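Student: Could you walk me through this structure? I have not looked at it before.

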Amino acid sequence: MLNWLTTILILIPVAGALLVAIAPLSTYWLGSLAALISLVEVAVWITEVGKFDFGSSALQFDQRRSWFSDLNVSWHVGQYSFSVWFVGMTVVVMAACTIYG
């Protein structure tokens, strides 16, 4: 499950945006749903920070999957110790902007 945390952090905003775009709700409830989705992403990031080994300088939570092997197209994501904080800054600012809006 730990290898999927970075992919989950990428897919939550995409899935949330699609859900907000197609949900037949009023504007108030769409804003509340968007805020909830952004807070879920903050919770996933906090989980990732809790599981992260800051003593290691290697790539962590990495995931590599081949999509089109003939074209050498693959999905490879992961985080180093300094990038965890950049992701956290992005997640927290996104949540704050969504809640403020």
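**Burial and overall layout**

Tutor: Of the chain's 101 residues, 29% count as buried, meaning under 20% relative accessible area with a 1.4 Å probe, protein chains only. This is a predicted model, where local features need pLDDT of at least 70, side-chain atom pairs count only at pLDDT 80 or more, and totals for chains, interfaces and linings use all residues. Residues are numbered from 1 along each chain as its sequence is written, and side-chain values use heavy atoms, leaving out hydrogens and water.

Student: In what order do the elements run from the N terminus?

Tutor: The order is α-α-β-β-α, with three helices and two strands. Both kinds are DSSP runs numbered from the N terminus: helices are H or I with at least four residues, strands are E with at least two.

Student: At what angle do the axes of α1 and α2 cross?

Tutor: Roughly 180 degrees, and the axes of α1 (residues 5-22) and α2 (residues 27-51) come within 10 Å. Axes are lines fitted to C-alpha atoms over the stretch in contact, with angles from 0 to 180 degrees between N-to-C directions. The two helices are therefore roughly antiparallel, the word for angles over 145 degrees.

Student: Which residues in α1 and α2 meet?

Tutor: Those in α1 include L9, I12 and L19, and those in α2 include L33, I37 and W45. Contact means heavy atoms within 4.5 Å.

Student: New topic: how big a box do the C-alpha atoms fill?

Tutor: Roughly 45 × 35 × 20 Å, taken along the principal axes.

Conventions:
Buried < 20%, exposed > 50% of the residue type's maximum accessible area, 1.4 Å probe, protein only. Parallel < 35°, antiparallel > 145°, perpendicular 65-115°, else oblique.
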